[in-house]
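Morning, everyone. I'll take you through the strand pairing in this one. Here is the structure.

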Amino acid sequence: MEKLKILVSGASIAGLTSAYWLNENGFEVTIIERAAKIRGGGYPIDVRGSAINIVKMMGIYEELKPRNLNNMKFKILDSQNNIISKFTDATMKVKDDIEIQRGDLTSVLYKAVQEKDIKIIFNDSIKTMEHLNNGVEIELESGKKGQYDLVVGADGIHSNTRKQSFGEEENFTKYLGHCYTGFTMENYLDMYKEGVIYSEAGRTSIMYATENKESVHAFLVFSDEKEPFVNHRDIEEHKKLVKNKFKNVGGTAPKLLETLDKSEEIFFDTTTQIIMENWSKDRAVLVGDAAHAPSFLTGQGSSLAMIGSYILANELKNENNIDDAFSSYEKAMKPFAKINQDAIENEGSTILFPKNEEEMEKRSVILKQMEKIREEGMESHDVIDIARVIDYPNLRE
């Protein structure tokens, strides 16, 4: 296809990967990012299967591999903070797959993008989009205007691009029953490459350390049949909700609540999938979580984002027009995304976030089985049965 002028909304994993491959395929690319800089975050994410092929083709695999966090140790505690079970997160059984801090992956992707002829605009976002016959007229929040041949929405679950082109978010969400808030806190247990978990029915507190630092990552997760409707940017509202849910919870939860109350930087969200019939409309197209968020329960969000971004860029290069490229992208990626979205019911979810007393009892049985396997010297944690590899050129194993 002829050289296109493309705006990528969001410097996320999907956005950075999209920009890299669009530029590699000969297109003129600009990234627009609401934040002041590339967003980090130390929580672990998985890069698996076909996504590994992509980072190898980008030449960044050897830089990522030494930062692998696989085989982190987890301890499950009782209300008195005694260890009742422990296991190793050994889900990466395929030798090339890696688990890595999100910030490590985004920083390496950003470095790869910086080496390309790609323009990046921080502290700004799309205010309006007007679809024309031959492109999209964009006005930014800063007041700047510009015209592009197409816009790639890589701006996550709460995508502004999707809202502007397809409608309100609630039309495309599937709530999975969990809500979570995350923040950093003092590493008072002196943890390194390990985590501790305490659960009561429907409420779980987690701390884990991916690095040998003075602070650790903390999560408070609660289950609710009805999704709570709160402003995602209202920190005080989030705190009030979470404190109310955990006010009578024991174990490590009181320590986390104490830190939460003093924290100024937290994030709150729900375990939600994005389900859409179409990922493209006029001259706008969605990638990553904006199009098909699987939720963190699958562990596949980052890999899906990279795979979809690569396929979109490749189809735009190979097809004769934009509409055909969008169609080919969706045809290749949709079945793979659906398989992964469907893989949300697994033992890992029950172990980490038991929703009720029934799941607490089920977790006890699973933990006893894992303990027996561990004592016998066998592998104690099986990989979730999900699709890792897509049937697409250069991405098959």
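Start with strand β11, residues 150–153, and strand β18, residues 284–286: they run parallel and are joined by three bridges. Strands here are DSSP E runs of at least two residues, helices are H or I runs of at least four, and both are numbered from the N terminus. Two strands count as paired if DSSP finds at least two bridges between them. Gly 153 sits opposite Leu 286 in β18.

A word on the source. This is a predicted model, where local features need pLDDT of at least 70, side-chain atom pairs count only at pLDDT 80 or more, and totals for chains, interfaces and linings use all residues. Residues are numbered from 1 along each chain as its sequence is written, and side-chain values use heavy atoms, leaving out hydrogens and water.

Now the whole sheet. It is open, with six strands and mixed pairing, in the order β7-β2-β1-β11-β18-β17. The edges are β7 (118–121) and β17 (280–281), each pairing on one side only.

Next, strand β14, residues 203–209. Is β14 enclosed or open to the outside? Six of its seven residues are buried, so β14 is largely enclosed by the rest of the structure. Buried means under 20% relative accessible area, exposed over 50%, partly exposed in between, with a 1.4 Å probe and protein chains only.

β14 has two antiparallel partners. Strand β13, residues 194–200, joins β14 through seven bridges. Tyr 198 faces Ser 205 there. Two residues separate the strands of that hairpin, and Gly 202 takes a positive phi near 80°. On to strand β15, residues 215–223: six antiparallel bridges link β15 to β14. Arg 203 has Phe 222 as its bridge partner.
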